[in-house]
Amino acid sequence: MSRAAIASLSRPLASSASSSSRVALTKRYASHGPSYNPPSGYLFGERPPKDGKRVKETWENIYYIGMFGGMALAGVVIAYKPDTSIQTWALKEARARLDARGEEWEYKPKSA
């Protein structure tokens, strides 16, 4: 198509569109507009200080203590939790019942 034909097709659309329908044609973003942070080349967008030593923020030490302390506590709890498996309970119950009947429950190999 030629430019004149494209222009003549677009004129009626542009002239017939009212102000209320123009608003409906605009993009709507739930985050109040498009956002794009162009790459800066720095890790996490944080520029290194002039003296070369990074200064920690106030929340970082609390985060590290809470995270690693919580993992250590979870490790101790998991290591010392009681054995509540059905196999352990069934083995104890079977031994108790066999002892009550007077039967042997331990394997004793025959000596030659």
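Helices are DSSP runs of H or I with at least four residues, numbered from the N terminus. The exercises below concern a predicted model.

**Exercise 1.** Determine where E46 lies relative to the helices, and whether E46 is buried, partly exposed or exposed.

*Solution.* 
Step 1. Locate the residue: E46 belongs to the loop between α2 (19–25) and α3.
Step 2. Classify the residue. The relative accessible area of E46 is 36%. Buried requires under 20% and exposed requires over 50%, so E46 is partly exposed.
Step 3. Examine the side chain: that of E46 makes a polar contact with the side chain of R54, at 2.8 Å.

**Exercise 2.** Describe the largest pocket by its volume, its lining residues and their classes.

*Solution.* 
Step 1. The largest pocket holds about 210 Å³ of space.
Step 2. Its lining consists of L43, F44, E46, R47, P48, P49, G52 and R54. Among them are E46 and R54, whose side chains make the polar contact of Exercise 1.

**Exercise 3.** Find how many aromatic pairs the whole structure has, and assign a geometry to each.

*Solution.* 
Step 1. A search of the whole structure gives 2 aromatic pairs.
Step 2. For W59 and Y63, the ring centres are 6.2 Å apart and the planes meet at 75 degrees; the pair is therefore edge-to-face, since planes over 60 degrees apart count as such.
Step 3. W59 and Y63 are both in helix α3 (residues 58–79), with a separation of 4 residues, about one turn of the helix.
Step 4. For Y63 and Y64, the centres are 5.9 Å apart and the planes are at 65 degrees, so this pair is also edge-to-face.
Step 5. W59, Y63 and Y64 thus form one aromatic cluster.

**Exercise 4.** Classify W59, Y63 and Y64 as buried, partly exposed or exposed.

*Solution.* 
Step 1. W59 has 49% relative accessibility and counts as partly exposed.
Step 2. Y63, at 42%, counts as partly exposed.
Step 3. Y64, with a relative accessible area of 36%, is partly exposed.

**Exercise 5.** State which residues the UniProt annotation "transmembrane region" covers, and describe the chain over that range.

*Solution.* 
Step 1. According to the unreviewed UniProt entry, the annotation covers residues 62–80.
Step 2. Over residues 62–80, the chain is 95% helix and 0% strand.
Step 3. The end C-alpha atoms of this range are 27 Å apart.

Technical notes:
Residues numbered from 1 in each chain as written. Predicted model: local features only at pLDDT ≥ 70, side-chain atom pairs only at ≥ 80, totals over all residues. Heavy atoms only, no water. Phe/Tyr/Trp six-rings, centres within 6.5 Å; stacked < 30°, edge-to-face > 60°. Helix = DSSP H or I, 4+ residues; strand = E, 2+ residues; numbered from the N terminus. Buried < 20%, exposed > 50% of the residue type's maximum accessible area, 1.4 Å probe, protein only. UniProt positions renumbered as here; feature names shortened; annotations may be inferred. 1 Å grid on protein atoms, 1.4 Å probe; cavity = no way out; pocket = protein on both sides within 12 Å on 5 of 7 lines; lining within 4 Å. Points joined across faces, edges and corners; volume = space filled by probe spheres on them. Nonpolar A, V, L, I, M, F, W, Y, C, P; charged D, E, K, R; others polar. Polar contact = N/O pair within 3.5 Å; in protein donor to acceptor, adjacent residues only side chain to side chain.
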